[in-house]
Amino acid sequence: MDFPFVREAVKNLFSRSSCDMYPLKPSEAAEQYRGRIEYDPSKCINCHFCERVCAGGAISVVEVPVEEGTQITRTFDLSTCTFCNTCADFCNTHAIKLTKDYHMIGLKEGDLLVSGTFVKVAKKKPAPPPAEAKPEEKAAPAIKPRDDGKPVQDPSKCVYCGICAKKCLGEALTVDRKEKLWKLDEDKCVSCGTCEEVCPKKAIIM
Amino acid sequence: MFKNLITESTAKSPWLFHINSGSCNGCDIELVAVLTPRYDAERFGFKLAGSPRHADIVVVSGPLTQQSLPRTLRAISQVPEPRCIVTIGSCPQSGNVFKGSYSVMAPLSKYVHVDVAVAGCTPKPEAIMDGLVQATEILKEKRKAWLEAKKNGLKDGPKAETEQEVPAAEDVPASGEEVQQ
Ligand code: SF4
Ligand code: SF4
Ligand code: SF4
Ligand code: SF4
């Protein structure tokens, strides 16, 4: 009689287990794994780009007016998130990061089920002082960046294509091709830098 | 005495029943990975049961499509109490990117009490394992409460306030009109 498996069985009896022994031995996620979201409110400028691009609608914002401006609470709902990293990719100020932490377990309804979800931090935005800081009119012949971080246009380079106005999330820009007009609404602009990035002529300086 | 032996042994071998309610297969594959030799969840006594009536822990993946919701609920109601319901992935918790679709009925917590929710899309096998280990802890508590209740003559066990009745499959709305974005 032939027992082809006996050798195998005996061999396996003495060989090492292939088990990772996970909870005993902590295991690290692979490089570039996209896990728990980390949100740095101190970097956020509230441009709302992340909410716009989020496929799952996982990001919500609560804005409460307080004395010194608006208190903005941005919440990432990890139970709705697909961990696509799009929000982090689009965030110009790198306020969002998907970490390698994969321990995301919600145990209870309410706060702890929100811990399968996840809440982070309120941001206190100073009242719009930049409104006052506009003595420097844009018509200066030598283009230099403004000190309040808002965009300036270089009329010699600009072709009035209107791309920046289309991409501006706050609808702060008006571009008129016929009139050769490039106008910035300072109150709406949040200095996100999107216009500078998209300008094909590099005509915007920030 | 014999009963005690049974209770003690069952505590160490919580059997899983896996329901795929329209999942993309990502979560299912990770759950299978948990049972492979590499992660080896059988160390904790986890084992896939073939029938809901043999299971202690129900693992639900997928966004609860309209077709699968009544079946999911029926299967869940067949799992004997005390049971523990674990959702894996974002789908059963919220509908994930599919939410707002006319045929997606998530979240599961609208219909039954969910004990453990493992987030991720897909969760890593390690995360699922964490969730299942948590579920056994919860199961132990529930068992204790049940034994207590049985001693006090309550046949149907304790009804915790959080515990919802599983709605009968027919009572479940037939279309997605209830689902709001
Ligand atoms: S994209 Fe970044 S900077 Fe803009 S609102 Fe979101 S987190 Fe804030
Ligand atoms: S990772 Fe994707 S789904 Fe998750 S919050 Fe960011 S954009 Fe939304
Ligand atoms: S003008 Fe430019 S910097 Fe300001 S909000 Fe629009 S895109 Fe952003
Ligand atoms: S949570 Fe993600 S991986 Fe899991 S079933 Fe849903 S879409 Fe698929």
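Trainee: Hi! Which residues are closest to ligand 1, and how many surround it?

Mentor: Hello! Before we start, keep in mind that this is a predicted model. Ligand 1 has 13 residues around it, and the closest are Cys44(A), Cys47(A), His48(A), Cys50(A) and Cys91(A).

Trainee: And how does that shell around ligand 1 split by class?

Mentor: The shell around ligand 1 has nine nonpolar, three polar and one charged residues.

Trainee: Okay, what surrounds ligand 2?

Mentor: Chain A residues again. The cysteines there include Cys54(A), Cys81(A), Cys84(A) and Cys87(A). Around them you will find Ile37(A), Ala58(A), Ile59(A), Thr82(A), Phe83(A), Asn85(A) and Thr86(A). By class, that makes eight nonpolar and three polar residues, with no charged ones.

Trainee: Let me jump to ligand 4. Which residues surround that one?

Mentor: For ligand 4 we move to chain B. Its surroundings include Cys24(B), Cys27(B), Cys91(B) and Cys121(B), along with Ser23(B), Gly26(B), Gly89(B) and Ser90(B). Asn96(B), Phe98(B), Gly120(B) and Thr122(B) are also part of the shell.

Trainee: How many nonpolar, polar and charged residues are in the shell around ligand 4?

Mentor: Five nonpolar and seven polar, and no charged residues.

Trainee: I noticed something about the backbone at Cys121(B) and Thr122(B). What kind of peptide bond joins them, cis or trans?

Mentor: That bond is cis, with omega about -10°. Both residues also belong to the surroundings of ligand 4. Thr122(B) is in the loop between strand S5 (116-118) and helix H5 (125-151) of chain B. It deserves a look, because most peptide bonds are trans.

Trainee: And the peptide bond from Glu81(B) to Pro82(B), cis or trans?

Mentor: Cis as well, with omega near -10°.

Trainee: New topic: the two chains. How many residues of each take part in the contact, and what area is buried?

Mentor: Chain A puts in 27 residues and chain B 31. Together the chains bury about 2,300 Å², with carbon and sulfur atoms giving 56% of that. On the chain A side, Tyr22(A), Ile105(A) and Leu107(A) lose the most area, together 22% of what that side buries.

Trainee: How many salt bridges are there between chain A and chain B, and which residues meet?

Mentor: The count is one salt bridge. Asp20(A) and Arg38(B) meet through their side chains, at 2.8 Å from N to O. There are also eight residue pairs in polar contact across the interface of chain A and chain B, both members at pLDDT 80 or more.

Trainee: Which elements of chain A supply residues to that side?

Mentor: Strand S5 (105-106) and helix H4 (113-116) of chain A each supply at least two. By class, the chain A side has 15 nonpolar, ten polar and two charged residues.

Trainee: Last one: where are the domains of chain A, and what area do they bury between them?

Mentor: The domain assignment gives domain 1 (31-121) and domain 2 (130-205). Five residues of domain 1 are in contact with seven of domain 2. The two domains of chain A bury about 590 Å² between them, 55% of it on carbon and sulfur atoms. The domain 1 side has three nonpolar, one polar and one charged residues.

Trainee: How many salt bridges between those domains of chain A?

Mentor: Zero salt bridges between domain 1 and domain 2, and zero residue pairs in polar contact, counting pairs with both at pLDDT 80 or more.

Technical notes
Residues numbered from 1 in each chain as written. Chains lettered and ligands numbered in written order. Predicted model: local features only at pLDDT ≥ 70, side-chain atom pairs only at ≥ 80, totals over all residues. Heavy atoms only, no water. Domains from an automatic or database assignment. Contact = heavy atoms within 4.5 Å. Buried area = accessible area lost by both parts, 1.4 Å probe. Salt bridge = Lys/Arg side-chain N within 4 Å of Asp/Glu carboxyl O. Polar contact = N/O pair within 3.5 Å; in protein donor to acceptor, adjacent residues only side chain to side chain. Nonpolar A, V, L, I, M, F, W, Y, C, P; charged D, E, K, R; others polar. Near = heavy atom within 4 Å. Helix = DSSP H or I, 4+ residues; strand = E, 2+ residues; numbered from the N terminus.
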